[in-house]
Amino acid sequence: MRVLGIAGSPRWGGNTDLLLEEVLKGAASKGAEVKTVVLNRLRIAPCQHCDACLETGCCKVRDDMQGVYDELEWADRIVLAAPIHFMGISAQMKVMIDRCQCLWARKYVLKVPPLGDDRPRKGLFVSVGGTKYRNVFTGARQVVKSLFTVLNIEYAGELLFEGIDEKGAITRHPDALKQAFEAGEMLVGE
Ligand SMILES: Cc1cc2nc3c(=O)[nH]c(=O)nc-3n(C[C@H](O)[C@H](O)[C@H](O)COP(=O)(O)O)c2cc1C
């Protein structure tokens, strides 16, 4: 069982990173092979809507996203971890998601499996917002669900924590890290 964590915060060691780390520890404790991709360390351009992928199923922009496609194909379980920025998913994560347009083209235009094969994949969404605004996770959840649907990844759950703002504040939550560890165990046990 191969688990890929994708970190979408600009703040390394921040709240979503800490949660992601626990999810992956939980998965590893059940024997999974785990890997993390830190988007903020990569150079990924936004989708240019050139439509080249409609013919090839591949993105012609040669940047670090090419490695992320390989990791997505490699994984059986995918954990997207990103904070809320302006009521939506962080820009780092959104750019990565938009670059999955070529995988959309594989599925809906070229009629081939978006991730190269049809093995069952599952995904978990992890997010943190600094406020407790109503609907603070609604936009981000919709974006992640849309990606998972396109990639044939079952939405296996979410870990969402509101009112967590300063770096590391998640460690003072009564049981968030424990919940994250258990979610990792469950994700690979399912
Ligand atoms: C540019 C920016 C925009 C933000 N917008 C929101 C927001 O709309 N709603 C909210 O609840 N928190 C917002 N926050 C706060 C972050 O969600 C919060 O600090 C979170 O804990 C950061 O997680 P991280 O440590 O994983 O980066 C924003 C933070 C930044 C830097």
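The model is predicted, so to speak of local features a pLDDT of at least 70 is needed and side-chain atom pairs count only at pLDDT 80 or more, while totals for chains, interfaces and linings use all residues. Residue numbers start from 1 along each chain, following the sequence as written.

Let's start with the sheet. Five strands, in the order β2-β1-β3-β6-β7, make up an open sheet of 5 strands with parallel pairing. Strands here are DSSP runs of E with at least two residues, helices are runs of H or I with at least four, and both are numbered from the N terminus; two strands pair if DSSP finds at least two bridges between them. At the edges sit β2 (33-38) and β7 (153-161), each pairing on one side only. On average, neighbouring strands are turned by 15° against each other, direction ignored. Axes are lines fitted to C-alpha atoms, for helices over the stretch in contact, and angles run from 0 to 180 degrees between N-to-C directions.

Inside the sheet, β1 (residues 2-7) and β3 (residues 77-81) run parallel and are joined by 5 bridges. V3 stands opposite R77 in β3. Helix α3 (residues 65-74) packs on this sheet, touching β1, β2 and β3, and its direction makes about 140° with that of β1. Contact means that the C-beta atoms of two residues, placed from the backbone, lie within 7 Å.

Next comes a helix pair. The axes of α1 and α7 (residues 176-189) come within 7 Å and cross at roughly 40°. That makes α1 oblique to α7, a word for angles that are not under 35 degrees (roughly parallel), over 145 (roughly antiparallel) or 65 to 115 (roughly perpendicular). Among the residues making the contact are L18 and L19 of α1 and F181 and L187 of α7.
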